[in-house]
Amino acid sequence: MPQSSLRNELLKSLSQEDFELLKPSLRHVELAIKTSLEEAREPIQDVYFPEWGIASVVATMSGNRQIEVGIIGRDGMTGMTVVLGDSTPPNETYIQVASAGSKMPADNLRSAMSKSPTLRSSLLRYANSFLAQASRTALVNGYSKIEERLARWLLMVHDRVDGNKLQLTHEFLATMLGARRPGVTLALNMLEYRGLIHAKRAEITIVDRAGLMKLTGGAYGPEEARYLGAPSA
């Protein structure tokens, strides 16, 4: 598994010395939709570095009300709780777009971080970027219309997958946005009417990325793309 052949941007950004600390513990893994990576308030056993696909970090309230608070793709990793020195995450994380990548035991990551201050710093920088993403998501969820939130979310997923086709259901989108399914369907219809996307059962095609960015009204911007090198249009 040479470092140059990896598609995970975080692993690729590490110094060769730091990558060599992780390499013996990394194992390739294929991850189907809805695969659980972390359970809320349960010790993390493994951390994952996606190479494609998307993992969602989802918060849950009483009554099984859920909303996505962050997404993880080839830009980063799961297991931020481990990086920050704890073992039990407050939220669950699972696959929402079929994924593949590498995983390693959480204990091995802790050991590697203890041996290398530069590795710890690199992972903490990513953890900080993820927390910035989550904060931005909370702000957008509080102040933006559902079609603006949907456009932003589609752009963020588009940043982390290959091609323009996203395998997503209306029901899943409703959970991610903390909205009712009929409202998500109406928002999708509006985006399609404007020629921004093409939607069919369980699949959304991005047609006009620049138009989606404009529709967000600033909800998608430098904070979303800063750590990913996402295209501006």
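These are my notebook entries on a predicted model.

**Ground rules.** I number residues from 1 along each chain as its sequence is written. Because the model is predicted, local features need pLDDT of at least 70 and side-chain atom pairs count only at pLDDT 80 or more, while totals for chains, interfaces and linings use all residues; side-chain values use heavy atoms, with hydrogens and water left out.

**Entry 1: domains.** I began with the overall division, and found domain 1 (3-140) and domain 2 (145-225). These bounds come from an automatic or database domain assignment. Their C-alpha centres lie 24 Å apart. I then looked up the contacts (heavy atoms within 4.5 Å): 21 residues of domain 1 touch 22 residues of domain 2.

**Entry 2: a sheet.** Next I followed an open sheet of three strands, ordered β6-β8-β7 with antiparallel pairing. Strands (E, at least two residues) and helices (H or I, at least four) are DSSP runs numbered from the N terminus, and two strands pair if DSSP finds at least two bridges between them. At the edges sit β6 (165-166) and β7 (197-200), each pairing on one side only. Helix α8 (residues 181-193) packs on this sheet and touches β7 and β8. The direction of α8 makes about 135° with that of β7; such axes are lines fitted to C-alpha atoms, for helices over the stretch in contact, with angles from 0 to 180 degrees between N-to-C directions. Which residue of β8 is the bridge partner of Leu166? I found Ile204.

**Entry 3: a cavity.** I searched for cavities, meaning sets of points on a 1 Å grid over the protein atoms alone where a 1.4 Å probe fits but cannot get out. The whole structure has three of 30 Å³ or more. A volume here is the space filled by probe spheres set on the points, which are joined across faces, edges and corners. The second largest cavity holds about 70 Å³. Two or more lining residues come from each of α5 (117-143), α6 (146-159) and α7 (170-177). Domain 1 and domain 2 each give at least three residues to this lining.

**Entry 4: Ala59.** Last, I looked up Ala59, which lies in strand β3 (residues 46-60). Leaving out residues up to four places away in sequence, Ala59 touches Arg65, Gln66, Ile67, Val69 and Asn91. Ala59 and Leu84 are 25 residues apart in sequence, and 19 Å apart from C-alpha to C-alpha.

Conventions. On a 1 Å grid over the protein atoms alone, a cavity is a set of points where a 1.4 Å probe fits but cannot get out, and a pocket is an open set with protein on both sides within 12 Å along at least five of seven lines; lining residues have an atom within 4 Å of a point.
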